[in-house]
Amino acid sequence: MRIPAHSVCTAIRDDIVAGVYERGSRLTEELLARRYGVSRVPVREALRTLEAEGFVVTRRHAGACVAEPTEQEGADLLEMRMLLEPLGAYRAAQRRTEAHLKVLRGLVRLGQERARRGNSEDLRSLGGWFHETLAQASGSPALTSMLTQLRHKIAWMYAVEAPANPVESWTEHGAIVDAVARGDSERARGLTALHTERATTAHRLRFASGPERVERVRNSQHPVNMTSLRH
C-alpha cells in the first residue's frame, strides 16, 4: 500500500477504527512506514496527531500503542455527542446556506427511499453523511471538527444496531432539515436532541462482554420537552 504522506494520519486512524490494529498493540514507525509506503517522518507526525485525538498513547519502554479507552470513556463520548449534535443543529438553523439545504434535502430523499427498500448498509453511510453535513452547516469549524472526532471514536468503540424502524428515523431527519430551513433554532435543537438520544440506545461496546445499553449515559440526560416540538 502506498499513499500520499499527508494521508498517513487518516489511513492509520481508519485502520484503528476498523480494528486492523488491536487495542493496546504497538505501533512502530518502521512497520507503519513500510505498510503505507512512506518515510518515518509523516508516520511520526501522524502518531502525534492521533495521540492528541486519543487513538494512540505513548508508553514507557513500549512507545506508541493503540489506546485502550474504558467503558466510562466510551459513555462520556456518547454523552458529549448528545450535547454537541443539538448545538450543531441550533447553529445550522441560523447559519446554513442554500447549498447545505440542497445536500441535506437530497440525503433525506435518498435515505427515505433506501429505508423503504430496507438497505441498511446504504442507510449507515447516508446517515453519517447527513450528520456531517448538518455539522458543517453550523458554520463553526471547531464544532464540526469536534463532532468528526467524536464520530470516529464512537465508530471505533461501538457497534451500532440498525434502527428498528428506519423509515421513522429518516422521517426524523426530514423534520430536522425542515426546522433548519425555517430558521427555527430551538425546534432544530430539540428534534436533534431527541433523535440523537434514541440513536444512542442502539450502541453496543465492542470490547464488552454481552449486550451493553449504556444506561448510565441515557439516564443522565434531561428529558426533552416534547410539548414544544409538536407545534
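A crossing of two helices is left-handed if the near helix is turned anticlockwise from the far one by less than a right angle, and right-handed if clockwise. In the predicted model described here, the crossing of helices α2 and α3 is right-handed. The contact is made by Glu-29, Glu-30, Leu-32 and Ala-33 on the α2 side, and by Arg-40, Val-43, Arg-44 and Leu-47 on the α3 side. Sorted by class, the residues in this contact comprise four nonpolar and four charged ones, with no polar residue. Two packed helices are described by the angle between their axes and the distance between the axes. For α2, which spans residues 29–36, and α3, which spans residues 40–53, the axes come within 9 Å and cross at roughly 115 degrees. Angles of 65 to 115 degrees count as roughly perpendicular, and α2 and α3 are therefore assigned to that class.

The protein chain as a whole contains ten helices and four strands. Along the sequence, these elements follow the pattern α-α-α-β-β-α-α-α-α-β-α-α-β-α. Of the 231 residues in the protein chain, 45% are buried. The chain exposes about 12,400 Å², of which carbon and sulfur atoms supply 52%. Among contacts between residues at least 6 apart in sequence, 73% join residues at least 24 apart.

Helix α1 covers residues 8–18, and its buried residues are Val-8, Cys-9, Ala-11, Ile-12, Arg-13, Asp-15 and Ile-16. The buried residues of α1 pack against the helices α2 and α3, the strands β1 and β2, and helix α7 (141–157). Just after α1, Gly-19 adopts a positive phi of about 90 degrees.

A positive phi also occurs at His-61, a residue other than glycine, where the value is near 70 degrees. Most residues other than glycine have a negative phi. His-61 is located in the loop between β1 (56–59) and β2 (63–66). The relative accessibility of His-61 is 76%, and this residue therefore counts as exposed.

Leu-123 belongs to helix α6, which runs over residues 120–136. Because its relative accessibility is 12%, Leu-123 counts as buried, the cut-off being under 20%. When neighbours within four places in sequence are left aside, Leu-123 is in contact with Gly-111, Arg-114, Ala-115, Pro-166 and Trp-170. The C-alpha atoms of Leu-123 and Glu-113 are separated by 9.7 Å, the two residues being ten apart along the chain.

Ser-169 lies in helix α8 (residues 166–182). With a relative accessibility of 14%, Ser-169 likewise counts as buried. Apart from neighbours within four places in sequence, the contacts of Ser-169 are with Pro-163 and His-195.

Arg-182 is also part of helix α8. In this case the relative accessible area is 55%, so Arg-182 is exposed, the threshold for that class being over 50%. Arg-182 and Gln-94 are 88 residues apart along the chain, and their C-alpha atoms are separated by 9.3 Å.

Key
Residues are numbered from 1 along each chain as its sequence is written. This is a predicted model: local features need pLDDT of at least 70, side-chain atom pairs count only at pLDDT 80 or more; totals for chains, interfaces and linings use all residues. Side-chain values use heavy atoms; hydrogens and water are left out. Helices (H or I, at least four residues) and strands (E, at least two) are DSSP runs, numbered from the N terminus. Buried means under 20% relative accessible area, exposed over 50%, partly exposed in between (1.4 Å probe, protein chains only). Axes are lines fitted to C-alpha atoms, for helices over the stretch in contact, and angles run from 0 to 180 degrees between N-to-C directions. Angles under 35 degrees count as roughly parallel, over 145 as roughly antiparallel, 65 to 115 as roughly perpendicular and the rest as oblique. Contact means heavy atoms within 4.5 Å. Ala, Val, Leu, Ile, Met, Phe, Trp, Tyr, Cys and Pro count as nonpolar, Asp, Glu, Lys and Arg as charged, and the others, Gly among them, as polar. Accessible areas come from the Shrake-Rupley method with a 1.4 Å probe; for residues, only the protein chains shown count as cover.
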